[in-house]
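The following paragraphs lead through a predicted model. The discussion begins at the contact between chains and then turns to the parts of a single chain.

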Amino acid sequence: MSKLHPLAILFNIFKSVRSIMYGLLPIIVLAIGDGFFKYLFLAIGAILVITIVIGVLTWLRFTYEVTDDELHIKQGILVRKDRYISKNRIQSIDLTQGIFHRPFGLTRVDIETAGSDKDVDASLSAVHLSEGRRVKNELKGLVETGETKTEAEKQYPKRTITNRSLFIAGATSGSIGIIIGLFGLLFSQLENMIPDYVYEVGAEWLLAQAIITLVVLAIFIVVFLWLLGILGTFIKYGSFQITRFDDELLITRGLLEKKQMTIPLKRIQAVGIEEGLTRQPFGLATVYVVIAGGEIGKTADQHTLLFPILKKRDISAFLGEILPEYNHIPDEFHRPPKRAIPYYIVRSITLPVLAVIGSYLFIPLLWVYIAIFAGAMFILGYFCYRDAGYTIKGRQLMVQMRRFSKETLIIPHNRVQSVDFKKHFLHRKQGLAQAKVSILSKLAGRHLWVKELEQHHVKRISDWI
Amino acid sequence: MRQPPKQRIAEDAIKAWRLSALLYLLIPVALTIGAFILTYVIEFLPPWVWILLLALTIIDLVVSPFILPKLRWRRWRYEVLDDEIYIQHGILIVTQTLIPMIRVQHVDTKQGPILANYKLATLTISTAATIHEIPALTEQEASNMRDLISELARVEQEDV
């Protein structure tokens with residue numbers, strides 16, 4: 001049986017101190033006013049000592065062992081817990097090196113099993129990197145013999161991101177667009193919400209500044225946010241690398257926190273290509289996979305990026321190298337017919353138009369802005385129509401659609417959970433129908449709509465299933 | 001779109017739906033009575049409120065127990081094929097659903113007091129991502145279907 005690295009004690013203590021802090025903060029704030037300092041320090045001291053003792057005991061009692069066909073973890077101070085995770089139930093093993101791990105050459109090992117039951121998963125909070133690799137290889141049934149491994153590794157296809165692409169990815173990440181939009185919204189709200197005198201004082205100050213100062217200030221803020229976005233991208237996806245092994249993908253990424261992720265091919269439900277609004281004009285896109293189960297709540301992102309940014313015309317080559325199973329990006333999609341356009345436009349402008357009418361009646365100052373927004377939604381509705389479509393190639397279904405970003409999904413036949421076809425009375429008159437394809441994703445399910453297709457196309461999809 | 005599925009659900013479904021619609025009618029009836037009391041006993045509401053509610057209740061009384069169940073029953077079809085389950089339902093919006101047999105994770109039958117009264121049961125089919133229902137089959141039919149589907153679905157379950 002082996003133990004974790006002693007530094008795990010510190011990690012444990014930090015973690016519990018942090019969670020205790022949230023609970024204690026209100027009490028501390030109250031106590032400061034009443035001059036209970038003495039007792040407060042005593043209490044904090046006592047809690048600290050208890051936390052440290054518990055931390056040490058937890059570490060002492062935590063042991064793990066990799067045997068022939070399972071991982072065995074023993075833990076618990078008073079209540080002893082023995083957990084056996086059998087090797088073939090393990091879905092993936094991730095190594096994460098946080099900023100505190102890295103100076104000591106440590107890593108965290110997360111072991112994930114199928115299903116969303118969190119209690120079944122295991123985590124080794126700090127072990128030496130070499131030990132982490134050993135555990136990982138042993139659990140995967142690989143025997144480590146230095147040379148053969150490095151030799152073998154070289155033959156696997158691999159892609160690394162360049163700093164230039166990282167910069168482009170950050171620069172077009174679009175988060176800035178959202179932030180500016182929010183600012184605009186906030187400002188137009190403030191104009192009406194703020195009490196008059198505040199508004200007047202503020203306006204006086206603003207007017208006192210030269211226009212140029214204001215413009216410079218605005219530009220400065222925008223550029224600052226934009227740079228922040230780029231920095232965030234560098235931290236998250238710095239030294240991104242993806243490697244294709246026989247039946248899994250290995251992704252390593254992160255500048256401060258290094259993350260190593262394995263994705264078994266059999267967990268992939270679909271491959272998606274997303275062209276964001278800020279990226280599409282430059283012919284750029286990201287490639288992601290939709291994965292089933294596990295990791296719920298652990299990562300905020302719904303899908304896992306295969307590559308942060310690629311030129312659209314390079315995607316085929318990329319998939320051909322890394323995921324040849326999914327390398328059938330078609331040129332031609334079956335699009336909805338022209339008579340579907342009104343449906344798409346009505347769907348996208350109904351709410352904005354109601355908002356325009358509402359604001360015209362109640363907040364007349366605002367209606368022009370909302371009308372501009374409604375106009376934008378009208379255009380978006382048309383593009384939603386233009387970018388909707390499907391195509392079938394052998395055992396794969398490809399669906400294209402747009403909400404804001406244009407997305408293309410490649411779904412293998414055996415990953416389709418169910419298909420729905422809907423038509424209401426107007427559709428029936430016009431010979432239209434809509435199709436909904438359901439696949440499995442981290443959040444229980446994802447439903448892909450292709451709306452207002454010709455009915456014979458819908459029949460084709462249903463025959464293909 | 002495809003030809004509709006072949007099998008219909010039990011004809012008693014109409015009666016069961018009618019009964020449950022009548023039970024749900026108690027809510028608008030109670031609201032109308034409440035409004036009536038508020039208008040004339042406490043004199044809190046203007047009279048048009050309870051008259052409007054009464055009109056809506058009467059429309060509901062005609063439509064939901066006596067018209068909708070029949071229409072709904074007429075549209076409801078299902079068919080279990082060797083490799084897929086095919087369902088159609090919906091009055092204004094017609095939905096046809098295909099569930100590949102290998103994706104079926106489990107099948108349940110369930111029965112509330114109203115369905116039990118007519119010896120009917122609902123069949124629920126779950127995949128990893130979706131849940132589908134075939135309402136109001138005869139008990140016999142429902143349990144046969146459940147056994148048939150779980151038999152067919154057992155063949156070659158892949159991962160996930």
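Between chain B and chain A, the interface contains zero salt bridges under the rule applied, in which a side-chain nitrogen of Lys or Arg must lie within 4 Å of a carboxyl oxygen of Asp or Glu. In terms of residues, 23 of chain B are in contact with 29 of chain A.

Which element of chain B provides the largest share of the side that touches chain A? It is strand 4 of chain B, residues 94-100, which contributes seven residues. This strand is also joined to chain A by strand pairing: five bridges link strand 4 of chain B to strand 18 of chain A, residues 418-423, and the two run antiparallel. Within this pairing, A:K422 has B:T95 as its bridge partner. Strands of a sheet pair through backbone hydrogen bonds, in either a parallel or an antiparallel sense.

Strand 18 of chain A, at residues 418-423, falls in a part of the chain that carries a record annotation. The unreviewed UniProt entry assigns "domain: YdbS-like PH" to residues 59-138, 240-295 and 385-438 of chain A. Of these, the span 385-438 is 59% strand and 15% helix, and its end C-alpha atoms lie 21 Å apart.

Chain A also holds an open sheet of four strands, arranged in the order 1-2-3-4 with antiparallel pairing. Strand 1 (2-3) and strand 4 (81-86) of chain A stand at the edges; each has a single partner strand, so one side of each is left without a neighbour in the sheet. Strand 2, residues 63-66, and strand 3, residues 70-75, of chain A pair over four bridges in the antiparallel sense. Here A:Y64 stands opposite A:I73 of strand 3.

In the model, residues 39-60 of chain A are 100% helix and 0% strand, with the end C-alpha atoms 31 Å apart. Residues 366-385 of chain A are 95% helix and 0% strand, and their end C-alpha atoms lie 29 Å apart.

Key: Residues are numbered from 1 along each chain as its sequence is written. Chains are lettered from A and ligands numbered from 1 in the order in which they are written. This is a predicted model: local features need pLDDT of at least 70, side-chain atom pairs count only at pLDDT 80 or more; totals for chains, interfaces and linings use all residues. Side-chain values use heavy atoms; hydrogens and water are left out. Contact means heavy atoms within 4.5 Å. Two strands pair if DSSP finds at least two bridges between them. UniProt positions are given in the numbering used here, feature names are shortened, and annotations may be inferred rather than shown by experiment.
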